[in-house]
Amino acid sequence: MTEKVEQSKESIQIKNPQNAINLFGVNDSNLHLIEEGLNVEIHAFGDRLDITGAEDNVKHAVNLLNKFMELINSGISLGSADIVSGLKMDERGTLDYFGDLYKDELIKDFSGKPVRVRNFGQRQYVNAINHNDITFGIGPAGTGKTYLAVVMAVAALKQGKVQRIILTRPAVEAGESLGFLPGDLKEKVDPYMRPIYDALYAILGSDHTSRLLERGVIEVAPLAYMRGRTLDEAFVILDEAQNTTREQMKMFLTRLGFDSKMIVNGDISQIDLPGHTRSGLIQAQSVLKNLPHIEFVDFTSADVVRHPVVAEIIDAYEDSDKKEK
């Protein structure tokens with residue numbers, strides 16, 4: 001016989017109706033995320049929220065809602081990704097540090113909205129970038145690796161720390177070779193660079209991005225075009241690094257010049273290299289892990305800032321891979 005869980009109920013007063021709009025989200029979307037994440041029911045009655053469910057779950061929900069209200073009352077606008085991050089930090093037992101994530105503004109995006117880290121993993125990543133010459137960000141899609149790397153690059157450019165931004169990634173993926181794709185170089189490379197362009201447009205806007213590309217302040221190119229160069233006073237980002245070979249990774253890393261930074265991002269569960277070719281990113285983890293001025297930051301599904309089901313999908317596939325091994 002299933003043991004009946006005793007239901008508990010608590011209420012929260014919302015003093016500012018305008019702030020309640022931000023807390024609830026569009027069509028109460030934020031409240032629905034909390035309900036689903038903690039298995040509680042939340043009902044709004046005027047300036048009051050009633051939370052019902054198992055006693056422990058209700059306590060967690062009340063604690064979360066109060067944390068969110070503290071931030072909103074201080075003038076910070078919260079979206080769905082912030083709610084998901086709060087839920088994950090609550091699950092990890094690190095909710096007390098949730099407010100700390102919003103103390104530092106990295107940059108303002110094209111719409112004027114402040115860009116901040118969304119979780120502890122992202123904060124470690126940003127700290128590593130600030131304190132090292134080369135930073136590796138390794139983990140699943142949706143953790144913000146590419147976006148934050150571009151944010152840090154643009155911030156460094158605006159602050160005069162670098163003179164240019166160079167964005168690259170391997171251009172041979174899923175069996176397609178550049179030589180067999182139609183069009184000129186830009187047309188061939190652009191489909192592979194879409195996530196990088198999306199990040200640039202979000203931060204700088206499409207017009208400003210286009211002007212910087214035309215002036216060569218921002219350069220987007222396939223990895224093969226890095227050979228033979230020394231990249232001084234540059235912020236260099238290698239994306240999809242799991243699809244580099246050992247030789248390509250070594251070639252790229254040795255392009256580092258004076259007053260430059262490099263970020264190498266990748267997801268070792270998404271390797272598209274042919275046959276038994278070993279990923280240069282995996283080898284770099286073992287070869288470079290103890291060198292000074294280089295840091296590796298590992299992201300997990302808990303750091304995913306997309307829809308909550310994305311993290312569940314990642315976990316499900318990882319479990320399946322472990323069973324197959």
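Student: Is F136 buried or exposed in this model?
Tutor: Good place to start, and keep in mind that this is a predicted model. The relative accessible area of F136 is 0%. Buried means under 20%, so F136 is buried.

Student: What kind of pair do the rings of F136 and F296 form?
Tutor: Their centres are 4.3 Å apart, with the planes at 15°. Planes under 30 degrees apart count as stacked. The pair is therefore stacked.

Student: Which residues form one aromatic cluster?
Tutor: Take a look at F98 and Y102, which are both buried. They make an edge-to-face pair, with 5.3 Å from centre to centre and 65° between the planes. The cluster consists of F68, F98 and Y102.

Student: How is helix 1 oriented relative to helix 2?
Tutor: Helix 1 (residues 17–24) packs against helix 2 (residues 29–38) at about 55°, and their axes are 5 Å apart. That angle makes helix 1, relative to helix 2, oblique.

Student: How many charged residues are in the contact of helix 1 with helix 2?
Tutor: From helix 1, N22, L23 and F24 meet S29, N30 and L31 of helix 2. By class, three residues are nonpolar and three are polar, and the number of charged ones is no residues.

Note on methods:
Residues numbered from 1 in each chain as written. Predicted model: local features only at pLDDT ≥ 70, side-chain atom pairs only at ≥ 80, totals over all residues. Heavy atoms only, no water. Phe/Tyr/Trp six-rings, centres within 6.5 Å; stacked < 30°, edge-to-face > 60°. Buried < 20%, exposed > 50% of the residue type's maximum accessible area, 1.4 Å probe, protein only. Axes fitted to C-alpha atoms, helices over the stretch in contact; angles between N-to-C directions. Helix = DSSP H or I, 4+ residues; strand = E, 2+ residues; numbered from the N terminus. Parallel < 35°, antiparallel > 145°, perpendicular 65-115°, else oblique. Contact = heavy atoms within 4.5 Å. Nonpolar A, V, L, I, M, F, W, Y, C, P; charged D, E, K, R; others polar.
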